[in-house]
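Please consult the sequence and the structure below alongside the text.

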Number of protein chains: 2
Amino acid sequence: MTGPLDDDSTDPESLALLRLIAAGGSSAVRCALIERFGGAARVLAAGVAGWRDAGLPEDAVAALSAALSAAVAPPTAIAWLREPAHHLIGWHQDDYPPLLRKSPNPPLALFVAGDPSLLWQPSIAVVGSRGPTPGGRENARDFARAFVASGLVVGSGMAAGIDTAAHEATLDAGGRTIAVLGTGPDVPYPRGNTRLHARIVGAGAIVSEYLPGTGPVAFHFPSRNRILAGLSVATVVIEAAERSGALITARLASEAGREVFAVPGSIHNPLARGCHRLIRDGAGLVASAQEVIDAVSPQIAALAQDLQQQLGAPIQPAAAVGTDARSGSGVDDPDYQKLWRALGHYPTAMDQLVQRTGLTAAAVSSMLLLMELDGRVFSQHGRYFRSR
Amino acid sequence: MTGPLDDDSTDPESLALLRLIAAGGSSAVRCALIERFGGAARVLAAGVAGWRDAGLPEDAVAALSAALSAAVAPPTAIAWLREPAHHLIGWHQDDYPPLLRKSPNPPLALFVAGDPSLLWQPSIAVVGSRGPTPGGRENARDFARAFVASGLVVGSGMAAGIDTAAHEATLDAGGRTIAVLGTGPDVPYPRGNTRLHARIVGAGAIVSEYLPGTGPVAFHFPSRNRILAGLSVATVVIEAAERSGALITARLASEAGREVFAVPGSIHNPLARGCHRLIRDGAGLVASAQEVIDAVSPQIAALAQDLQQQLGAPIQPAAAVGTDARSGSGVDDPDYQKLWRALGHYPTAMDQLVQRTGLTAAAVSSMLLLMELDGRVFSQHGRYFRSR
């Protein structure tokens, strides 16, 4: 992860990654090369001969070579990255969100404005119509508030209507929200959400695979939906017409192996039709947020286990409360001790914990999740403190 | 089938059947004996030795023997049967409804007040809460009207609320309705439905397995629901609380291999909860009656095919419109010609057609169904006429 820099120079790896992003083309090809060579700068250094040696088909070699010859790291993106709380996370970097990594067709990189550790937290996508009924908007708020109360992150697409209601209710309740944009991370869309965009940067995370400055383009929105679906443990559709973007997100979530839930409604409400369609097609019918939470608790436990394995930083649970995976780990782990010292009895923000421990945001995030599950740590309004 | 009699004597078979009904006990045992000996009078004549020879276990022989020694054909039932449009259909009789015969635990016999040929028509059960919302009541009416418009019979349990709305809307639309009671066929329940009871006798069919004069008994109502489910091609639950009789009917319908549908509603409507439970458990979510009709059209075609095979009275279709089963049959079938002559270009009631042709109500009913499917016959307000 590349964050705000103290001096004028952007690190070469980020510059190389920006150039690979600007080149465009298949994410899969560029991700594969990055994985093969161990970084963006190394992909560029390997050149045509190296890519060929790596087994890249000749037409893909030619396409990437042509695209890169015209691509530079965009100055606007370089400038954006120098701002505080602006981050770029590449496919090869440890902070790349693990659930998104497992999804089909993951993006090469993410621009994040705000707190990138949220992308490691279990989150639920709350999506729906841009023009919901008052009841649908209220349901979106109710579900979001209930997810916040359970310590879950709420994701959405910052569209008008249900998305906006979900983000706002989450922030109003002191919760953490992720907005995945179809524009660049610095382009609020729709324009009416300029203030919401700023609020989310301050208390959540704005996520986009598009270069800073990228305006709204119709085909980017379904693509945005795939990232939202991929980041989320589950997707809840609150209200949706028979054909709508929310149904695309739901389909993508289902293809990513994530649970999809839909809220039923009156048969006389046209905005219940999309939800009814989803339920007929196999989505779970949910009448309350608690039903979603109950249904996904195994996935959340599995996510915690994955994070633990990936980090190799096992933590001894205070008591057996969930998965077997947490057994056999030790509270005497040095990182754990470091984090425990960094925590106090007053709520502390994630950013401060990262700063105090020198650990990555991802490591701190997953350790906190495990400690929350163990009951050692409480979180309140996105801040953490010892429970004893 | 035993109908109104011209003289004072009730036929011996009906008297024997009434005595078997009055004896009570397992329907399955008595149905098996009737099937083995070919009639109720013959079961009584066979006696203990005959039942034993037939392989009936000794404890069942003893129980039936004891029960019959105390049982007589009840005079109230004999008197009821002498009234016009009152019928008793035993398990061994050709008029016993074929769908009910295939259901688990079918009743030994049915008392029918009204038109017994309706029990051979494809019918949809419309059931739900006794205390529905105004919207639920309106949905019940809408669904019933749409079923009538498609020529389907609407069944229900004549309870307050959804059941009553379904029966009334069906009759108001000139359709045919079956009410399955948990009381005797002559005991309107609830009392507020006394007038509806009389309307159904006049323009539909009241069905009960209980002897005339039997008052409301709590455990009879779930048993009533099994008959409603067994008679129906499908069951639609309009509105239901989390625990309700409608859910029992739905479960029984599902156990009988019949399709179950439920109408979703707002998550804030407590009477949508039962429907949502059913949908979670596998019932079809339906937002309109047409969806039900589309879903059950194969079952209706199969029913027509069954009736045809059972009657051995194949009818040549005017054109290929549905099942293959109707091919290879002949319009020169004598019964078909008889029925065609009995039909005219003015709507004629089923009772009149039975009288004119001398055929059984079941035969006329299934032939009319096939001719309707072929487009040779139209029905309107429960009456039939030639379409050409």
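**Symmetry and interface of chains A and B**

Chain B is superposed on chain A by a rotation of 180 degrees with 0.0 Å of shift along its axis, at an RMSD of 0.1 Å. This is the relation of a two-fold axis. In chain B, the C-alpha of Gly265(B) is the nearest to that axis, at 2.2 Å. The model is a predicted one.

**Extent of the contact**

- Chain B contributes 16 residues to the contact, and chain A contributes 16 residues.
- Of the interface residues of chain B, 100% are also interface residues in chain A, so the copies meet through the same surface.
- About 1,200 Å² is buried between chain B and chain A, and carbon and sulfur atoms give 62% of this area.
- On the side of chain B, the residues that lose the most area to chain A are Ile267(B), Arg280(B) and Leu285(B), which together account for 47% of what that side buries.

**Polar and charged interactions**

- Two salt bridges are found across the interface of chain B and chain A.
- Arg280(A) forms a salt bridge with Glu291(B), and their closest N and O atoms are 2.7 Å apart.
- Six residue pairs are in polar contact across the interface of chain B and chain A.

**Make-up of the chain B side**

- Helix H7 (134–149) and helix H12 (273–280) of chain B each supply at least two residues of the side that touches chain A.
- The residues on that side of chain B comprise eight nonpolar, five polar and three charged.

Notes. Residues numbered from 1 in each chain as written. Chains lettered and ligands numbered in written order. Predicted model: local features only at pLDDT ≥ 70, side-chain atom pairs only at ≥ 80, totals over all residues. Heavy atoms only, no water. Contact = heavy atoms within 4.5 Å. Buried area = accessible area lost by both parts, 1.4 Å probe. Salt bridge = Lys/Arg side-chain N within 4 Å of Asp/Glu carboxyl O. Polar contact = N/O pair within 3.5 Å; in protein donor to acceptor, adjacent residues only side chain to side chain. Helix = DSSP H or I, 4+ residues; strand = E, 2+ residues; numbered from the N terminus. Nonpolar A, V, L, I, M, F, W, Y, C, P; charged D, E, K, R; others polar. Least-squares fit on C-alpha atoms with pLDDT ≥ 70 in both.
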